[in-house]
Each structure stands twice: as structure tokens, then as C-alpha cells.
Amino acid sequence: TLVGTIRDEIASCSEKAYPSLPIANAKNLLFLESEGSVIRFAEEHEWVVQDGRVYFPLQQEDARTEREILNASGEVIEHTIGYARELETIV
């Protein structure tokens, strides 16, 4: 589905942009219905859920600078807004 594709793209960008996210933020970012849905989605992607946060696997080049993290975060935000606009025009 389109929502599934968008969710997977946002998930991929989030893995690169953040070391972890609170479950509530991941729920909103990934357009999921509940925190339980976030936990199931995290398990499918082999993410770790602990202490109310979703932890993404460490990337090989994990020595990211703050600037690289901010750029990746900006990319996630841009993609999310773009996807939301696309969904809005479809619906």
C-alpha cells in the first residue's frame, strides 16, 4: 500500500537520522495507530524497544558528526511533509 511504502521510507530515514526515538514520537512519525503497532513494526525491522524508546541499529559509519545528524534529521522532516502532502492529495 502507499501508506506502507511511505512508512518504510520514513523508517529508513529515521534509522539514519536518529540513534533512538521515544515510542510516542515514532508512532506519529510512522503514522501508526498505537504504541503496540510501533512495537510490532520495530520488531519487524529488528529495532530494539526498551524503556519507552525505539533504538535503531548502529550504522557501520556510526561516527556521525552533529552536522550530519542534523542534515539527516532535516531529510526525515522533508520526506515526512512531502509524503503527508501526497497522501492529502490522494485522499
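I began with a contact: a polar atom of the Arg 7 side chain lies 2.7 Å from the backbone oxygen of Phe 31. The model I am reading is a predicted one.

**Entry 1, Arg 7**

I looked up where Arg 7 sits and found it in helix 1.

Is Arg 7 buried or exposed? Its relative accessibility is 16%, and buried means under 20%, so I wrote it down as buried.

Next I asked which side chain of opposite charge is nearest to Arg 7. That is Glu 33, 6.2 Å away. A salt bridge needs the nitrogen and the carboxyl oxygen within 4 Å, and I noted that Arg 7 has no salt bridge.

How many cavities of 30 Å³ or more does the structure hold? I found 1. For the largest cavity I noted a volume of about 30 Å³.

I listed its lining: Ala 11, Ser 14, Leu 21, Ala 26, Leu 29, Leu 30, Trp 47 and Phe 56. The elements that give two or more residues to this lining are helix 1 (2-17) and helix 2 (23-29). I sorted the lining residues by type and got 7 nonpolar, 1 polar and no charged.

I turned to the backbone angles. Most residues other than glycine have a negative phi.

Glu 46 is not a glycine, yet its phi is positive, about 60 degrees. I placed Glu 46 in the loop between helix 3 (35-44) and strand 2 (48-50). Its relative accessibility is 68%, so Glu 46 counts as exposed.

Asp 51 also has a positive phi, near 55 degrees, and is a residue other than glycine. Where is Asp 51? I found it in the loop between strand 2 and strand 3 (53-55). Asp 51 counts as exposed because its relative accessible area is 70%.

Notes. Residues are numbered from 1 along each chain as its sequence is written. This is a predicted model: local features need pLDDT of at least 70, side-chain atom pairs count only at pLDDT 80 or more; totals for chains, interfaces and linings use all residues. Side-chain values use heavy atoms; hydrogens and water are left out. On a 1 Å grid over the protein atoms alone, a cavity is a set of points where a 1.4 Å probe fits but cannot get out, and a pocket is an open set with protein on both sides within 12 Å along at least five of seven lines; lining residues have an atom within 4 Å of a point. Grid points are joined across faces, edges and corners, and a volume is the space filled by probe spheres set on the points. Helices (H or I, at least four residues) and strands (E, at least two) are DSSP runs, numbered from the N terminus. Ala, Val, Leu, Ile, Met, Phe, Trp, Tyr, Cys and Pro count as nonpolar, Asp, Glu, Lys and Arg as charged, and the others, Gly among them, as polar. Buried means under 20% relative accessible area, exposed over 50%, partly exposed in between (1.4 Å probe, protein chains only). Lys and Arg count as positive and Asp and Glu as negative; His and the chain ends are not counted. A polar contact is a pair of N or O atoms within 3.5 Å; within protein, one must be able to donate a hydrogen and the other to accept it, and residues adjacent in sequence count only if both atoms are side-chain atoms.
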